[in-house]
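Reader: Could you walk me through this model, with the cut-offs spelled out as we go?
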Amino acid sequence: MRWFRTLFCGSGADERCIIVGMAGPTAGVLLRDPIDEQTLDRLMSLAFLPSGTWSGDWYIEDPAALGMPAELAQAGAVGVGLRQPSGLPALTEALGFTPPLEIAVWMWCNQDVDHRMLGYLCLAFAIQYDGLVDFYGRINTPPSGFVVTGMNERQRRAELDSEIARRVRRLPGRLYLVNYGSRTNPRYSHIGDAVFTEGWLRHPRFRMIK
């Protein structure tokens, strides 16, 4: 991945995103069967144009070609690449299979439309390759109107996490919570199937993880 860069975000010349490190949200799609870079590029070419400067970076041209809404034409550059998944023992135990490869997807800008682009592109990959979307962390968008008082910060955080998890579980599809870390130093990530990802995209509190 390329880590330092200046890019234009959106369609207007005044809309600029100065990137230091990873500026936008990231996610991955865990595959059941391996693919190669040429296969991934062919799918991307249906709706995107390569940046021409950085290998693996693309600009959206025709969102409808991958079943994505027209509003995503305003998104910034997206990067994709194949890599070996991390935390394979935990993934195998939770998912019931060992993903041979992962499509890593990252946005170079952090507008709302970039979060939606990431979600829809991961959904397209999950549908095309029967994959699972790794959200690279716990979905933790605070529920609207939910307030916790009378507790210390740790208790409030735990109560909020519990409420978020309860509401997220109401969405259709299958959602896993995988601990990539250890019992003493946990590192959790939500992983959902295509049905869950589509439901989360339609949720009013939708947000990918940065």
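Reader: How many helices and strands are there in the chain?
Author: The chain has five helices and ten strands, where helices (H or I, at least four residues) and strands (E, at least two) are DSSP runs numbered from the N terminus. This is a predicted model, in which local features need pLDDT of at least 70 and side-chain atom pairs count only at pLDDT 80 or more, while totals for chains, interfaces and linings use all residues. Residues are numbered from 1 along each chain as its sequence is written, and side-chain values use heavy atoms, with hydrogens and water left out.
Reader: What order do the strands of the open sheet have?
Author: The eight strands are ordered β4-β5-β6-β7-β3-β8-β10-β9 with antiparallel pairing, and two strands pair if DSSP finds at least two bridges between them. β4 (48-50) and β9 (175-179) stand at the edges with a single partner strand each, so one side of each has no neighbour in the sheet.
Reader: And how many bridges join β6 to β7?
Author: Six bridges join these antiparallel strands, and arginine 83 has glutamate 102 in β7 as its bridge partner.
Reader: What does phenylalanine 48 touch?
Author: Leaving out residues up to four places away in sequence, its contacts include Trp58, Met68, Val78, Met117 and Leu121, contact meaning heavy atoms within 4.5 Å.
Reader: How do the axes of α3 and α5 cross?
Author: The two axes come within 9 Å and cross at roughly 160°, with axes being lines fitted to C-alpha atoms, for helices over the stretch in contact, and angles running from 0 to 180 degrees between N-to-C directions. That makes α3 roughly antiparallel to α5, as angles under 35 degrees count as roughly parallel, over 145 as roughly antiparallel, 65 to 115 as roughly perpendicular and the rest as oblique. Arg116 and Tyr120 of α3 are among the residues making the contact, as are Thr197 and Leu201 of α5.
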